[in-house]
Amino acid sequence: MQELAQQVVSGLASGSIYASMALALVLIYRSMNVINFAQGEMAMFTTFIAWQLVQQGLPLWAAFTATIAVAFVGAVLLERIVIRPVERAGPLTIVIVTLGLLITFNGLAGLFWGYVIKSFPSPFPAAPINIGGVAFSSQDVGIILVSLASLGVISLFFAKTKLGLAMRAAALYPAASQVLGIRVSWMLALGWGLSAVVGAISGMMVAPVVFLDPNMMQGIVVYAFAAAVLGGVESPLGAVVGGLILGVLLNLLGTYVEFVGTDLRLAVAFAIIVAVLLIRPAGLFGRVSVARV
Amino acid sequence: MAAAPLLEVSDLHASYGEIEALHGIALGVERGAIVALLGANGAGKTSTLRAITGVVKTKGTVRFGGNALNGHGPEDAARLGIAHVPEGRGTMGALTVWENLMLGAYTRRDRKRVLGSYERVVGYFPWLAERKKQLAGTLSGGEQQMLAIARGLMMEPQLMLLDEPSLGLAPIVVREIFALLKTINARDGVSILVAEQNTTVALEAATHAYVLETGRIVVSGESQALLRDDGIRRSYLGY
Ligand SMILES: Nc1ncnc2c1ncn2[C@@H]1O[C@H](COP(=O)(O)OP(=O)(O)O)[C@@H](O)[C@H]1O
Ligand SMILES: [Mg+2]
């Protein structure tokens, strides 16, 4: 029982990382119908920036905050400079551009910081935390809390603020939004900024666990993509729930199902996702659109 | 000298890629007027409204309240006071009625006055208040059209462009909508340019009308005169 609880929490920890990255992907997918293949590399790159700031002597939480600001501004600029010119060129062109960004960020990180694996300081205590008589890894609990808090803030922003509402409208109904005076193109840029912030937070959360190197996010992005498809790639809530389910499921499978181990986890995950999609093609939370004429 | 019209369009061309849909049209909307833009399917009504607010690529001049609109996008037209209720109503079906209305006031900063507009709009459409938490996609077609008009009013516009508000609606609903447009026009002084294929209803509401045919204006005049002229009625209005 105790071990099961520990494994679930540990699964939730990786799940909340998948959930955050999946949300980052979904935010951009909803507005551009494109998977930003550079999302993971942007997260990795910003995590390196945080590492650099810590090396320069900044306290960890200050580096954390500064990195979030850099991620936001950087991604907005990136969208304006690199994506904007191809905004109307169609999804395939944008996909190619994001692949280009993936390669660029990976290469730049290698160039600036090298490929030697670096340790990234953890903001959480090393001692386990005792909840209800069960000892959990503080790292796991911390990751879950920080990720869920950031997801909560984002969803409040979308639900409660005028700008958040305008961003949702611009993503779903660009033509109807622009005649209301909403600057749709800028909303896309803000979406890039927010996605990059979510990505940076997950990068900094996961780096102490997986260690820092230019390829650290690649596996995670695959899981995040799987989580997004599982939850319904149009649905932010679906992305988050999909990520959490996937994290727990993979962890339990890896622990309790002998032949799966760590090697087959990804394959099993995809088998499950294919099965879900056969039953619910729009994903768990994908909404069949309501419309009456 | 008479005051310049609120909206003044001359030699307006619009194109989709290489294909030109409007071949130099001229029209005007006086302050406080209701003007009908008539024509069969494909005549260029939608393109005209889109050209005015800059949704499509245009050549020519569009002047609104003395400002040149050319070269600005629809976002700026909205800020200058033109509410464009687009073809197909632009209903944001996955958002609530309230959210749709608030997005109508997106460009306005003063929240108190926005709530004032909301009260006024609810005066015209009392059911909006009762159903403000409902998803707009679950409304009937007529209700969606009314919501689109209400959302446009939330902008406190000087001019409202409506693209075939009657489309797909039962005659009784169409009459209700046009009666509301007349009330809005009379009470709030909102000028209206309405594109329609439903000629009779539009001409009865409008003071002036223009008839489009394949991207050109072929007839224009006072609506009463057009209604009385059998020749025009038969050749251009199709009944
Ligand atoms: N998005 C578009 N792309 C290409 N051609 C278009 C587009 N929209 C309209 N057209 C063309 O422009 C002409 C005018 O269409 P439109 O303005 O929609 O007419 P109406 O609103 O009077 O039915 C038509 O020949 C139509 O085929
Ligand atoms: Mg039309």
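**Close-up views of a two-chain predicted model**

**View 1. B:Leu7 sits in strand β1 (residues 7-16) of chain B.** Helices and strands here are DSSP runs numbered from the N terminus, with at least four residues (H or I) for a helix and at least two (E) for a strand. This is a predicted model, where local features need pLDDT of at least 70, side-chain atom pairs count only at pLDDT 80 or more, and totals for chains, interfaces and linings use all residues. Residues are numbered from 1 along each chain as its sequence is written, chains are lettered from A and ligands numbered from 1 in the order in which they are written, and side-chain values use heavy atoms, with hydrogens and water left out.

Is B:Leu7 buried or exposed? At 0% relative accessibility, B:Leu7 is buried; buried means under 20% relative accessible area, exposed means over 50%, and partly exposed is in between (1.4 Å probe, protein chains only). Setting aside neighbours within four places in sequence, the contacts of B:Leu7 include B:Leu27, B:Val29, B:Ile52, B:Phe64, B:Leu159 and B:Leu193, where contact means heavy atoms within 4.5 Å.

**View 2. The magnesium ion (ligand 2) is held by two side chains of chain B, B:Thr46 and B:Glu87.** The donor atoms are OG1 of B:Thr46 and OE of B:Glu87, at 2.0 to 2.2 Å. Donors are N, O and S atoms within 2.8 Å of the metal (3.2 Å for Na, K and Ca), and water is not among the atoms, so sites may look incomplete. B:Thr46 belongs to helix α1 (residues 45-53) and B:Glu87 to the loop between β6 (82-85) and α3 of chain B, so the pair ties together parts that are 41 residues apart in sequence. B:Thr46 is buried, at 12% relative accessible area, while B:Glu87 is partly exposed, at 40%.

**View 3. Chain B meets chain A with 33 residues from chain B and 23 residues from chain A.** Together the two chains bury about 2300 Å², and 61% of that is on carbon and sulfur atoms. Buried area is the accessible area (1.4 Å probe) that two parts lose on being put together, summed over both. On the chain B side, B:Glu75, B:Met92 and B:Tyr106 lose the most area to chain A, together 27% of what that side buries.

There are also 7 residue pairs in polar contact across this interface, both residues at pLDDT 80 or more. A polar contact is a pair of N or O atoms within 3.5 Å; within protein, one must be able to donate a hydrogen and the other to accept it, and residues adjacent in sequence count only if both atoms are side-chain atoms. Which elements of chain B give two or more residues to the side that touches chain A? They are α2 (74-80), α3 (97-104) and α6 (141-153), and α2(B) supplies the largest share, 5 residues. By type, that side of chain B divides into 14 nonpolar, 11 polar and 8 charged residues. Here Ala, Val, Leu, Ile, Met, Phe, Trp, Tyr, Cys and Pro count as nonpolar, Asp, Glu, Lys and Arg as charged, and the others, Gly among them, as polar.

**View 4. Across the interface of chain B and chain A there are 2 salt bridges.** A salt bridge is a side-chain nitrogen of Lys or Arg within 4 Å of a carboxyl oxygen of Asp or Glu. B:Glu99 pairs with A:Arg168, with the closest N and O atoms 2.8 Å apart. A:Arg183 pairs with B:Asp76, at 3.2 Å between the closest N and O atoms. A:Arg183 is in the loop between α7 (174-178) and α8 (184-210) of chain A and B:Asp76 is in helix α2 of chain B, so this pair joins two chains. A:Arg183 is partly exposed at 30% relative accessibility, and B:Asp76 is partly exposed at 22%.

**View 5. In chain A, A:Glu79, A:Arg80, A:Arg84 and A:Glu87 are linked in a network of salt bridges.** A:Glu87 is buried at 17% relative accessibility, and A:Arg80 is buried at 15%.

**View 6. B:Thr214 has a positive phi of about 35 degrees although it is not a glycine.** Most residues other than glycine have a negative phi. B:Thr214 is in the loop between β9 (208-213) and β10 (216-222) of chain B and is exposed, at 58% relative accessibility.
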